[in-house]
Amino acid sequence: MIGSVRYILTIGALLGVVFAKKSLVAPEGAEVLTVGVIGDYGWVGWTPVPDHFCLEVLPELIADGITIPNEVLNDCDPGDKASLANATAFQTETAAYIGQVCSMKNCSAFISVGDNIYDSGADFSTGGILRFQESWVDMYSQGVFEHAPWYQCLGNHDIIKGQSAVDFQTKIAPKYDNRWYFGTKGLPYYTYDLVGKDWTATFVVVDSDCFLSKYQKNTSVYHNGYTIECHKHTKVQVDFLAEAFKKSKAEWKFLQVHHPYMSSSTNYTTDLMPLIKIVEEHNGIVLNGHDHCLAHYVFNSTNHILSGGAGYTQAGDCNSGIKLGPYAKFLAANAEAAANGFVTMDISKHSVNVEYYTRDMQFEDGDLYPVKQDLKPSYSFEITRHSK
């Protein structure tokens, strides 16, 4: 018993040291600051539920009226299970590619647009810690990644396990690795500034999972205590965004969110309208993921930057590269595949230079997405209209 008490006291002391750590932040004072925008990536280390359980045991349990945890249902997803080998390879190869590009461009920070840990996120358990270590800490630890902060955002795969999963990413993970930034209050929504020599960029992170009406259906794997409760209080996050943008005198204002308002796959225009109206009023910019590809949309003079290509990509999410209407300016996809890659933003007083980097996805039997010079941007545009 005495040994157990000593062990607990020792662990308590160690935790005290760990919890005293401060999160890393991007350096201040640069004339131009380069950041990487990355989303939909954390596949490595996921172990799906065995086929025997999913195909034979699960139907019997459902027939017997036994409640099945959402994460078990989600980890039986046949599409995700079939994609796992490619998704793991794509994340690993794309991480190296991002590191190469960002070493060349001197990226000072990374901006996540969610789906950080597939397939059902991570909670505060041994399994959750191991997933976090393997799919993020070890994956993004070399070269330019070593000392760069990641300004995080929640995606739908991050909240399947409910409040415990949200708490792990917002409260525990930043203490485990001080590069993982989730604000200063341990909440799924927060704001931060990147500050240059003579400019400021304000970012507001919102959890769009709370806004989606279809996640409120009890048939959804995203229907849990967390999404039920936060859906009742979406006004809190809307007001938070409005107040942060109103107070900010920054040259540039960004909404950092997971789900797309503009999409070539599935729009969430009605659900996200309260947020986007505020962005449009302030001449802001939207950063999002969820669609597993890279794209640029312009709607109501607002730039929507999709960066969801850091893990398993899907051509259909970018309409197989076929532009829809006048608002789709760039879609990194072809008939067979969407490109792996990410987006960089070079932020200065006078402009935000946005560049899309797509990886040449060559393998033994061919090339899924040919790119002749993949260390150069496949597409770029410049934002010069300041926010207000």
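Trainee: Through how many residues does a hairpin join β5 to β6?
Mentor: This is a predicted model: local features need pLDDT of at least 70, side-chain atom pairs count only at pLDDT 80 or more, and totals for chains, interfaces and linings use all residues. Residues are numbered from 1 along each chain as its sequence is written, and side-chain values use heavy atoms, leaving out hydrogens and water. Strands are DSSP runs of E (at least two residues) and helices runs of H or I (at least four), numbered from the N terminus. From β5, the hairpin reaches β6 through four residues.

Trainee: Good start! In which sense do β5 and β6 pair?
Mentor: Two strands pair if DSSP finds at least two bridges between them; β5 (residues 190–195) and β6 (residues 200–205) have six. T191 stands opposite V204, and Y192 faces F203 across the pair. The sense is antiparallel.

Trainee: Which are the edge strands of the open sheet?
Mentor: Happy to trace that one! Seven strands run in the order β5-β6-β7-β8-β10-β9-β11, with mixed pairing. An edge strand pairs on one side only, and here these are β5 and β11 (328–331).

Trainee: At about what angle to β6 does helix α8 run?
Mentor: Axes are lines fitted to C-alpha atoms, for helices over the stretch in contact (heavy atoms within 4.5 Å), and angles run from 0 to 180 degrees between N-to-C directions. Helix α8 (residues 234–247) lies across β5, β6 and β7 (252–256). Its angle to β6 is about 175°.

Trainee: Is T94 buried or exposed?
Mentor: T94 sits in helix α4 (residues 78–105). Not counting residues up to four places away in sequence, T94 touches G309, A310, N340, G341 and R359. Because its relative accessibility is 0%, T94 counts as buried.

Technical notes. Buried means under 20% relative accessible area, exposed over 50%, partly exposed in between (1.4 Å probe, protein chains only).
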